[in-house]
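Subject: Structure handover

Hello,

Here is the structure I promised to pass on. Please open it first, then read my notes below.

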Amino acid sequence: MVIVMSEHASEDQVEKVIAALTQKGYDAHRSTGSTRTVIGVVGTSRTPLDPREFEIMPGVQEVVKITEPYKLAGRTFQQEDTVIRLGDVAIGGRNIVMMAGPCAVESEKQLDIIASSVRRYGARILRGGAFKPRTSPYAFQGLGEEGLGHLRKVADRHGLLVITEVMDTNQVDLVAAHSDILQVGARNMQNFNLLKELGRQRKPVMLKRGLSATIQEWLLSAEYIMAGGNRDVMLCERGIRTFENFTRNTMDISAIPIIKKLSHLPIIADPSHGTGLRDKVIPMARAAVAAGADGIMVEVHHEPEAALSDGPQSIYPEQFAELMAQLRIIAPAIGRTI
Ligand code: PEP
Ligand code: MN
């Protein structure tokens, strides 16, 4: 942290700032320029520094943070990209990974039809909710444990990996027993008890961005999982809430290169929840790949009109095939494979 004093700051004000830092156990390096004084803060202390405490002190013009608060998720202490390996699937490497499947697991048959087609067209990971975080308590809540069983069985039959959401700390062991990747939904991004529990797991976690979360809040949530000892975290941009209501959410494509710059963690894009509209899913998936996403999560249903959840944003299997064909053209243009 660097504290920049204002041009007219008095000697007394400078000394008060230095005294406050020393009192908290930090070293203050003073540099007195011709017009203003700058104080560099170094060292570590048990007392965390809140920049706002210094911002409000008389004579202080600006407090500049030099390092990010997310130490494990940030690039400062790990420059190279994290690559999460699951069998022969690597997430975060040169290859772009496709995760596809229905919003919710509805039956073994439904899942089997969808899994066989997405596998044929190039998906490696089967998605599908067994525990569904629905906005309305009257909406389909998912098949629960039965749905997890269908996911495992169908994925194994087709040579796919499983990703599914875990909503609560008391479901973590159960979901981990059936799934290869544990998904944290947008609504749970700041469920810190859940994040801590996932930090104790040895399975990769995909952390979706909260509905109104800033990028810093999102990375700090990833930090919770990593600080618990689980370093296999990937992030997922799934749209954020803005004033625009034409789409269900506003797909923040810019978050992809921002995350790539700030963090070494893989970034996945979910244009299904990001837009909520079937005909917008393919263009946004193309944009996400072009922007540097390491993978795409997309909802696919063979009968979206009859889907128990998110039918309007689910693409048909043939559209998934079309998307794959287009991504196979875009990927090499940016030095990636798919
Ligand atoms: C999902 O992917 O099934 C889901 C519920 O998404 P989100 O948490 O992003 O709303
Ligand atoms: Mn959904």
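Strand 1 and strand 3 (residues 37–42) run antiparallel and are joined by three bridges. One position to look at is Val-2, which stands opposite Gly-40 in strand 3. Please keep in mind that this is a predicted model.

Strand 1 (residues 2–5) also pairs with strand 4 (residues 60–64). That pairing is antiparallel too, over four bridges. Ile-3 has Val-63 as its bridge partner in strand 4. Met-5 has Val-60 as its partner there.

Four of them form an open sheet, in the order 2-3-1-4, with antiparallel pairing. Which strands sit at the edges? They are strand 2 (27–32) and strand 4, each of which pairs on one side only. Neighbouring strands of the sheet are turned against each other by 20° on average, direction ignored.

Next, helix 1 (residues 11–23). Helix 1 lies across strand 1, strand 2, strand 3 and strand 4. Its direction is at about 5° to strand 3.

Then the domains. The domain assignment gives domain 1 as 2–64 and domain 2 as 84–333. How far apart are the C-alpha centres of domain 1 and domain 2? They lie 44 Å apart.

The last item is a pair of helices. Two packed helices are described by the angle and the distance between their axes. Here the pair is helix 3 (residues 108–121) and helix 11 (residues 317–333). Their axes come within 9 Å and cross at roughly 20°. Angles under 35 degrees count as roughly parallel, so helix 3 is roughly parallel to helix 11. The crossing of helix 3 and helix 11 is right-handed.

Which residues make the contact? Helix 3 brings Ser-117, Val-118 and Tyr-121. Helix 11 brings Pro-317, Phe-320, Ala-321, Met-324 and Arg-328. By type, the residues of this contact divide into six nonpolar, one polar and one charged. Ser counts as polar and Arg as charged, so Ser-117 and Arg-328 are the ones to pick out in that contact.

In short, look at two places. One is the open sheet in the order 2-3-1-4, with helix 1 lying across its strands. The other is the right-handed crossing of helix 3 and helix 11.

Best wishes

Conventions: Residues numbered from 1 in each chain as written. Chains lettered and ligands numbered in written order. Predicted model: local features only at pLDDT ≥ 70, side-chain atom pairs only at ≥ 80, totals over all residues. Heavy atoms only, no water. Pairing = 2+ DSSP bridges. Helix = DSSP H or I, 4+ residues; strand = E, 2+ residues; numbered from the N terminus. Axes fitted to C-alpha atoms, helices over the stretch in contact; angles between N-to-C directions. Parallel < 35°, antiparallel > 145°, perpendicular 65-115°, else oblique. Left-handed = near helix turned anticlockwise from the far one by under 90°. Contact = heavy atoms within 4.5 Å. Domains from an automatic or database assignment.
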